[in-house]
Amino acid sequence: MKDKKVTILLVDDDPELIWILTEALTKEGYRVLSAEDGKTAIQQVRNEAPDLVLMDINMPDINGIELLGRIKAISRRISAVMLSAYGEAKNVVKAMHAGADDFITKPFDIDELKITISKVLERKALACENESLKKKLKSRAEYENFIGDSNPILNIKKMIEQVADTELTILVRGESGTGKELVTRAIHSLSNRRDKPFIKVNCATLPETLLESELFGYERGAFTGAQRPKPGRFEFANEGTIFLDEIGEMPPSLQAKLLQVLEEKEFSRLGGKKSVKVDVRIIVATNRDLEEGIRNGSFREDLFYRLNEVTIFLPPLREHKEDIYLLVDYFLKKYSAMYGKEITSISPQIMNIFMNYDWPGNIRELENLIKKIIVLGSEEVVYTVIPHDVVEGKMVYKNTKIIPLKEVSRLAIQKAEKATIKSVLAKTNWNRIQAAKLLQVSYRSLLSKIKEYQIRE
Ligand SMILES: Nc1ncnc2c1ncn2[C@@H]1O[C@H](COP(=O)(O)OP(=O)(O)OP(=O)(O)O)[C@@H](O)[C@H]1O
Ligand SMILES: [Mg+2]
């Protein structure tokens, strides 16, 4: 591998040796730099980013092993070949531990040196290739279960790739069942934290004090029953990612503490004085209207801006219905395999219904429905789950659920009542007393109808 761009840095306090090696290696097509002491070597590493350092273990101003450690701290990608005098076996072992790739004993043969260098560089190229291959494979695996090729989904995939390997805090928004958790996991596994923990905490399921101790841990005696100290999820997530689901439900006092962690990257356990430092990437999700939360005082505005370095907005399924084909196909395969069935497609009538339905439960609802079809081995279940009016227009007669006449008139009355109440309320500017008078019903019965029909201002 004699790529002209490959740069080698020679570090040795013997100018004559440097001169000879520069000659020989330049002839081989390498770009050769040199340094006669440790300080210059470090500068060269910083400024020139060499691919390989060839250095003497014995330097006048700095121990070669220490120098190697410093160089590796600047960049782990730099390969290192050590030159050592005969009888320095101990140092060589130390150097290998410190990350040296190979070593050569002085005096050496130039050809032997050339071979060693090219071997080390080859190994390095292979390692780089492997790494990028692994990364690609991994990302493909992540996307294998993230289905969709509509524009909104492609944009989200692009965004995930752009933000995954950064430290940005991410706010994932979208209705229930749109894939917020799936996206969050994809971000983690495409980030350089992928081999570290991914910790999920649902802020909606725990009462305030429990949530606090769950997140931040506690010291012994912090409260009755705290018999031994317990680290919180933030500590478990160290070097990894913490996923705070349903952040909109987090009580304000905890929001303040979270803001502090975001800003200072440290906190203290409940009942503790010592501060705990953590390196955690934070991703939060919500299906709540956080702006409304800010207006009504249930969500801190400063936290909102701090969390919202990047927002990924997942569209409801009804806004990317073209993905339904791919999703149905994917879920059919997934659950057929899981339940040992062989259902590979659904009928055109059912697909028609799917395309006409609004999917309030989004992709989760579609997934559950396909699962039911597979488990029950019949599409009939669709008619019991999806509302009549969606099904009706799109179905052949034999499958139509017949609605009893009584039910028909009840539904018609409801519809008419709702429309009338709405229009009268609009006329009276939502003055309910006046509206009740106009409609000639009691105030109470008007209120109960407003509630029953879920009429909102
Ligand atoms: N694009 C997609 N491709 C394949 N499966 C998906 C996709 N989006 C969501 N799903 C599946 O739908 C289900 C719901 O997704 P997820 O749990 O990520 O939604 P959510 O937005 O977190 O919902 P909630 O707000 O209710 O917690 C999961 O089983 C998930 O695997
Ligand atoms: Mg979720």
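Asp-12, Asp-56 and Lys-106 are linked in a network of salt bridges, and this network belongs to a model that is predicted. In the whole model the count comes to 28 salt bridges.

**Salt bridges between separate parts of the chain**

- Side chains of opposite charge can pair when their charged atoms come close.
- Asp-101 and Lys-72 meet through their side chains in a salt bridge, with a distance of 3.9 Å from N to O. Because Asp-101 lies in the loop between helix H4 and strand E5 while Lys-72 lies in helix H3, the pair ties together parts that are 29 residues apart in sequence.
- Within this pair, Asp-101 is partly exposed, with a relative accessible area of 25%, whereas Lys-72 is buried, with a relative accessible area of 14%.
- Glu-214 and Lys-230 also meet in a salt bridge, again at 3.9 Å from N to O, and the pair links distant parts of the chain, since Glu-214 is in helix H8 and Lys-230 is in strand E9, 16 residues apart.
- Here Glu-214 is buried at a relative accessible area of 19%, while Lys-230 is partly exposed at 30%.
- Arg-269 forms a salt bridge with Glu-235, and the closest N and O atoms of the two are 2.9 Å apart. Arg-269 sits in the loop between strand E11 and strand E12, and Glu-235 sits in helix H9, 34 residues apart.
- Arg-269 counts as buried at 16% relative accessibility, and Glu-235 counts as buried at 18%.

**The largest nonpolar core**

- In soluble globular proteins, nonpolar side chains tend to be buried together.
- The largest nonpolar core holds 32 residues, and those that touch the most other members are Leu-215, Phe-234, Ile-242, Leu-244, Leu-258 and Ile-282.
- Among the elements that give two or more residues to this core are strand E7, helix H8, strand E10 and helix H12, and the largest share, 5 residues, comes from H10.

**Patches on the surface**

- A patch of negative charge on the surface gathers Asp-13, Asp-14, Glu-16, Glu-36 and Asp-61; of these, Glu-16 has its place in helix H1 and is exposed, with a relative accessible area of 58%.
- A nonpolar surface patch of about 400 Å² is made by Met-338, Tyr-339, Val-375 and Leu-376, and helix H13 and helix H15 each supply at least two of its residues.
- Leu-376 lies in helix H15 and is exposed, with a relative accessible area of 57%.

Terms used:
Residues are numbered from 1 along each chain as its sequence is written. Chains are lettered from A and ligands numbered from 1 in the order in which they are written. This is a predicted model: local features need pLDDT of at least 70, side-chain atom pairs count only at pLDDT 80 or more; totals for chains, interfaces and linings use all residues. Side-chain values use heavy atoms; hydrogens and water are left out. Patches are made of residues with over 30% relative accessible area and no salt bridge: like charges are joined within 9 Å, nonpolar side chains (Val, Leu, Ile, Met, Phe, Trp, Tyr) within 5 Å. Accessible areas come from the Shrake-Rupley method with a 1.4 Å probe; for residues, only the protein chains shown count as cover. A salt bridge is a side-chain nitrogen of Lys or Arg within 4 Å of a carboxyl oxygen of Asp or Glu. Lys and Arg count as positive and Asp and Glu as negative; His and the chain ends are not counted. The place of a charge is taken as NZ of Lys, CZ of Arg, CG of Asp or CD of Glu. Helices (H or I, at least four residues) and strands (E, at least two) are DSSP runs, numbered from the N terminus. Buried means under 20% relative accessible area, exposed over 50%, partly exposed in between (1.4 Å probe, protein chains only). A nonpolar core is a set of buried Ala, Val, Leu, Ile, Met, Phe, Trp, Tyr and Cys residues joined through side-chain atoms within 4.5 Å.
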